[in-house]
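Visitor: Could we go through this model together? I will ask as we go.
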Amino acid sequence: MRSEPAERIDPRALRVWIINGTIKTIVLAVVLGISAAVALMVFHWPGWVPVIPAVIVLLYGTLEIGVLPELRWKYWRYEVSEEEVDLQRGIWLLKRTLLPLARVQHVDTRQGLIMRRYGLASVAISTAAGVHEIPALSVEVADELRDKISRLARTYENEL
Amino acid sequence: MSSNKHRLHPLGILLTAIKVIKDLALPLLAFMASQVLRQALSSWTITLAVALVLAILVMVALSWYRFTYSTEEGVLLVEHGVLVRNKIVIPRERIQSVDFNQGLLQRLFGLVSVQVETAGGKKPEVVLTAVTRREALELRQMLMPSAVAVEHDPQAEPGLHKNLSVGYLLLFGVTSGSGLGVVLAVSSGLWATLDDIGLETKVIEYYQWFVEHGSTVALVAFLLVFIWLLAVLGMVLKYGGFRLTRTGDRIQMVYGLLHRRQVSLPVRRIQALRLSEGLLRQPWGLVTLQVESAGYGPKSAEKALLWPLIRQKDLPRFLQEFLPEFKSEEKRNVPNGTVGGMSPIYGLIGEVPLRQLPPGTRIRYVMRALLPSAPIAALLIVWLYHIGFAYPLLPLSLPLVFMVMGLWNHRDAGWGLRGNMLSIRYRVFSRTKVIVPRRCVQSLTISHTPFQHRAGLATFNLDLASEASFGLLHISASDGIELAGWLESQHQTHQASIRKHF
């Protein structure tokens with residue numbers, strides 16, 4: 001069996017994902033809360049109905065904050081060799097993607113608001129068929145990786 | 001410079017106006033009809049309509065006046081726009097193809113519409129809607145001196161070409177799914193109407209009704225056949241006179257009896273070759289060939305019909321002639337001459353031996369097809385019991401059909417490697433084989449669920465620049481590793497060539 005890709009993503013990714021999960025959960029709670037209130041007060045639905053959205057919010061929050069970030073981090077791995085980018089990710093469906101460097105068109109680093117706070121950036125690798133993203137690396141590692149990929153990809157430029 | 005500027009043929013005004021009015025016709029007619037019905041068709045509505053048509057004509061004439069094109073020093077320069085004036089400059093080197101299209105009206109007046117496509121950007125970059133044939137040919141000569149393939153003029157043609165015979169054209173129409181699809185759609189519509197009239201109670205009643213209304217049934221059958229014939233006629237009109245040409249490193253397809261279309265592309269832009277056998281075609285050994293092509297831009301991908309219909313046994317020779325690039329590089333070690341009565345060509349082209357899926361996977365395919373349909377069937381059965389239908393177990397056929405489909409999908413699934421070529425065969429309805437050169441694989445993903453992992457299975461998927469994605473469910477995990485190795489192995493040779501370079 002091919003060995004797993006060597007590098008893990010930055011552990012601070014966990015915090016970012018947990019914050020993202022919290023925000024999503026709060027948004028969901030607000031939306032469902034308002035609809036439940038409307039259902040109760042305007043349409044006079046029975047009093048037990050709000051239990052359903054409450055359970056949904058609770059489940060969603062547990063998954064998005066407590067369970068998934070940890071697992072996602074555990075399985076995310078990557079490696080960049082001379083010839084290709086090797087990505088592994090997924091929780092239930094474990095995916096392993098090989099991107100030949102000869103097909104890479106361009107690479108950029110991206111930073112969201114929360115990621116910037118934690119000094120993280122993601123690396124987006126574009127091929128003619130789409131974009132693959134390595135989600136959360138420290139800014140230094142991300143910059144270095146971006147330059148490395150683009151340098152290696154350039155050696156293949158004449159191929160197409 | 002300005003003396004070299006050309007306008008489109010004046011009839012272009014008419015053509016564009018007709019197109020604009022045609023696009024507006026339906027809402028306009030609906031509006032008029034509603035006015036007539038409400039008996040409110042006063043003189044001012046008519047004036048308004050006439051004014052609208054006049055305004056369109058004036059606008060179109062103005063934009064015709066402003067639209068000029070010229071070729072100067074190997075550059076195509078187009079200026080257009082009434083309020084905002086635009087200038088498009090395309091250097092000759094960036095032009096990928098110059099294709100001619102002819103609608104019915106354009107054919108009547110001997111005009112063509114010229115489409116200029118570049119590598120990248122939106123597609124097509126420039127359309128010259130009405131140009132005389134002579135001018136169009138000159139334009140192409142100027143812009144694409146390397147690829148002057150001339151349609152309609154077989155004598156002047158240096159390349160290889162092949163015309164679709166009338167017999168195959170008819171066969172193509174008759175066996176096409178679209179005719180059958182139309183009939184199915186219409187007949188299911190009829191069925192629903194019968195339901196609405198209230199005839200759904202008992203099958204016996206249906207039967208009696210059929211007996212009593214024999215003539216009606218005949219009429220309906222006749223109508224269905226008629227619609228089907230129309231669909232066939234549609235296919236014949238669309239693809240009639242199909243002509244494939246190969247000139248140097250370009251291929252060109254020209255087709256259409258009324259509206260003559262032309263598609264041309266450089267062979268190196270072909271990302272994959274698709275051989276599909278429709279349900280009605282497979283039993284007769286008939287194959288349809290399509291190519292996936294890609295531009296540089298993200299939205300410029302397309303699938304083009306390479307050849308409508310060919311017999312399986314003629315395929316190797318056809319590919320040898322028109323797309324020898326798609327034979328694998330690793331030639332089989334066959335001594336010269338024929339071996340075992342087989343032409344040596346057979347061993348070389350397209351015929352990558354396929355590996356079937358591992359033996360334990362059949363049940364997975366069947367269950368996968370079966371599981372979603374089972375609850376639906378169960379619900380239907382309960383409902384039919386509820387309304388007291390005579391044969392409430394009828395929906396049991398649904399999972400059966402899905403099961404057979406699952407078995408089929410499993411039986412026909414396969415893949416194979418030879419040299420630089422990967423073949424994947426799968427069935428959705430028609431059986432399709434895709435041949436992909438290694439250099440066109442943009443990325444390869446191999447994935448597995450815990451269930452697959454335990455059984456030593458994996459799923460693979462590869463993405464092409466044509467935005468297509470091909471793959472198979474449940475190959476063995478070791479085959480997945482082999483595939484990854486195949487994708488990587490090109491680099492050894494590449495690295496070697498780089499080292500030689502420096």
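Guide: One term to begin with: two residues are in contact, or touch, if their C-beta atoms, placed from the backbone, lie within 7 Å. With that, A:L137 touches A:I9, A:D10, A:L120, A:A121, A:S122, A:V123, A:A142 and A:L145, not counting residues up to four places away in sequence. This is a predicted model: local features need pLDDT of at least 70, side-chain atom pairs count only at pLDDT 80 or more, and totals for chains, interfaces and linings use all residues. Residues are numbered from 1 along each chain as its sequence is written, while chains are lettered from A and ligands numbered from 1 in the order in which they are written.

Visitor: Which residues touch the most other members of the largest nonpolar core?
Guide: A:L137, A:I149, B:L273, B:V436 and B:L464, out of 80 residues in that core. A nonpolar core is a set of buried Ala, Val, Leu, Ile, Met, Phe, Trp, Tyr and Cys residues joined through C-beta atoms within 7 Å. A residue is buried if 20 or more other C-beta atoms lie within 10 Å of its own, exposed if 12 or fewer, and partly exposed in between, with C-beta atoms placed from the backbone.

Visitor: Which element gives the most to this core?
Guide: β20(B), with 5 residues. Helices (H or I, at least four residues) and strands (E, at least two) are DSSP runs, numbered from the N terminus. Another core, of 19 residues, lies apart from the largest one and includes B:V60, B:Y69, B:L128 and B:L139.

Visitor: New topic. How many residues of chain B are in contact with chain A?
Guide: 19, and they meet 21 residues of chain A. On the chain B side, β19 (441-448), β20 (457-464) and α13 (477-501) each give two or more residues. The largest share, 7 residues, comes from β19(B).

Visitor: And how do the residues on that side of chain B divide by type?
Guide: Into 9 nonpolar, 7 polar and 3 charged. Here Ala, Val, Leu, Ile, Met, Phe, Trp, Tyr, Cys and Pro count as nonpolar, Asp, Glu, Lys and Arg as charged, and the others, Gly among them, as polar.

Visitor: What joins strand β4 of chain A to β19(B)?
Guide: 5 bridges, with β4(A), residues 94-100, running antiparallel to β19(B). Two strands pair if DSSP finds at least two bridges between them. A:T97 is the residue opposite B:T445.

Visitor: Back to chain A. At what angle do α1 and α2 pack?
Guide: About 170°, with the axes of α1(A), residues 13-41, and α2(A), residues 51-75, 9 Å apart. Axes are lines fitted to C-alpha atoms, for helices over the stretch in contact, and angles run from 0 to 180 degrees between N-to-C directions. Angles under 35 degrees count as roughly parallel, over 145 as roughly antiparallel, 65 to 115 as roughly perpendicular and the rest as oblique. α1(A) and α2(A) are therefore roughly antiparallel.

Visitor: Who makes that contact?
Guide: Among them are A:W17, A:L28 and A:L32 of α1(A), and A:I56, A:Y60 and A:W73 of α2(A). The contact of α1(A) with α2(A) divides into 15 nonpolar, 4 polar and 4 charged residues.

Visitor: Now chain B. How many helices and strands?
Guide: 13 helices and 21 strands. Of its 502 residues, 28% are buried.

Visitor: In what order do β5, β6 and β7 of chain B form their sheet?
Guide: β5-β6-β7, an open sheet with antiparallel pairing. β5 (95-101) and β7 (126-132) stand at the edges with a single partner strand each, so one side of each has no neighbour in the sheet. The twist averages 25° from one strand to the next.

Visitor: What lies across those strands?
Guide: Helix α4 of chain B, residues 133-143, running at about 135° to β7(B).

Visitor: Last one: is strand β17 of chain B mostly covered or mostly open?
Guide: Mostly covered: 5 of the 7 residues of β17(B), 421-427, are buried. β17(B) is joined by 5 bridges to β16(B), residues 414-418, which runs antiparallel to it. In their hairpin, with 2 residues between the strands, B:G419 takes a positive phi near 55°. β17(B) also pairs with β18(B), residues 431-437, in the antiparallel sense over 7 bridges, and a hairpin of 3 residues joins β17(B) to β18(B).
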